[in-house]
Amino acid sequence: MSVLYKEIIFSIVIVVVVVVGNVVTQNYTHKSVKNTTTELEELKQELLSESNEDIDWDNAKEKFSVLQTEWRNSFEKLAYYIEHDELEKVDTNLIGLKSYIDTQEEADAVSELEKSVFVLKHIEDKTRMNLKIFFNILESSENFYRIGQK
């Protein structure tokens, strides 16, 4: 087996591993964001009752508790491949949301909830772009290699 042939096989294996890894992480990120966003939307509907007196704050606290537990489970896995700063923004917003639910401040709670949804969608979009960036780099290095051979 020639050295060039081994390098090609090795390169193909690396590309396949990167692509498969990216697909797996993107799918998990999408699932986690979707589940958390769905929980947040359900909580939002609870908070947007017609008047502050109609809000079942105990039910909102219970929904938030379930949401927080699920988020902690997702956080631990997402932290392996997503910047901690992004995940901590969601944590910070959820802590604010909890305090506003505890003090029964509807408008502020909805505001923190919306911030959390925005950051979650940003995280999902950001991880989706990594594969595009990888192939752009691969294409650029291929063009650089061709120029070097001329």
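This is a guided tour of a predicted model, stop by stop.

**Whole chain**

Start with the protein chain in cartoon view. It has 4 helices and 0 strands. From the N terminus on, the elements run α-α-α-α. Colour by burial next: 29% of the 150 residues count as buried.

**Helix H1**

Select residues 3–47, which make up helix H1.

Now show the buried side chains of H1. Among them are Asn 22, Thr 29, Ser 32, Val 33, Thr 36 and Thr 37. Further along the list come Glu 39, Leu 40, Leu 43, Lys 44, Glu 46 and Leu 47.

Stop at Ser 32, which is in helix H1. Is Ser 32 buried or exposed? Its relative accessible area is 3%, under the 20% cut-off, so Ser 32 is buried. Show what surrounds this residue. Leaving out residues up to four places away in sequence, Ser 32 touches Ser 74 and Leu 78.

**Rings in helix H2**

Move to helix H2, residues 57–78. Select Trp 71 and Phe 75. The structure holds 1 aromatic pair. Trp 71 and Phe 75 form that pair, edge-to-face, with 6.1 Å centre to centre and 70° between the planes.

Arg 72 lies over the face of Phe 75, at 4.3 Å from the ring centre.

**The nonpolar core**

Select the largest nonpolar core, which has 26 residues. Which members touch the most other members? They are Leu 47 and Leu 97. The elements giving two or more residues to this core are H1, H2, helix H3 (84–102) and helix H4 (106–149). As background, nonpolar side chains tend to be buried together in soluble globular proteins.

Centre on Leu 97 and list its contacts, leaving aside neighbours within four places in sequence. Leu 97 is in contact with Leu 40, Leu 43 and Phe 64, among others. Its contacts also include Ala 109, Glu 112 and Leu 113.

**A backbone stop**

Go to Gln 104, in the loop between H3 and H4. Check the backbone here. Phi of Gln 104 is near 60°, a positive value in a residue other than glycine. Most residues other than glycine have a negative phi. Gln 104 counts as partly exposed, because its relative accessibility of 39% falls between 20% and 50%.

**Salt bridges**

Turn on salt bridges. A search of the whole structure finds 8.

Pick Lys 63 and Glu 46. They form a salt bridge, with the closest N and O atoms 3.8 Å apart. Lys 63 lies in helix H2 and Glu 46 in helix H1, so the pair ties together parts 17 residues apart in sequence. Lys 63 is partly exposed, at 26% relative accessibility. Glu 46 is buried, at 14%.

Next, select Glu 83 and Lys 126. Their side chains meet in a salt bridge of 2.9 Å, N to O. Glu 83 lies in the loop between H2 and H3 and Lys 126 in helix H4, so this pair ties together parts 43 residues apart in sequence. Both ends count as partly exposed: Glu 83 at 44% relative accessibility, and Lys 126 at 28%.

Glu 86 lies in helix H3, so the pair with Lys 126 in H4 ties together parts 40 residues apart in sequence. Glu 86 is buried, with a relative accessible area of 7%.

Salt bridges that share partners join Glu 83, Glu 86, Lys 89 and Lys 126 into one network.

Methods
Residues are numbered from 1 along each chain as its sequence is written. This is a predicted model: local features need pLDDT of at least 70, side-chain atom pairs count only at pLDDT 80 or more; totals for chains, interfaces and linings use all residues. Side-chain values use heavy atoms; hydrogens and water are left out. The expected span of a helix is 1.5 Å times one less than its number of residues. Buried means under 20% relative accessible area, exposed over 50%, partly exposed in between (1.4 Å probe, protein chains only). Contact means heavy atoms within 4.5 Å. Rings of Phe, Tyr and Trp (its six-membered ring) pair if their centres lie within 6.5 Å; planes under 30 degrees apart count as stacked, over 60 as edge-to-face and the rest as tilted. A charge sits over a ring if NZ of Lys or CZ of Arg is within 6 Å of the ring centre and within 35 degrees of the ring normal. A nonpolar core is a set of buried Ala, Val, Leu, Ile, Met, Phe, Trp, Tyr and Cys residues joined through side-chain atoms within 4.5 Å. A salt bridge is a side-chain nitrogen of Lys or Arg within 4 Å of a carboxyl oxygen of Asp or Glu.
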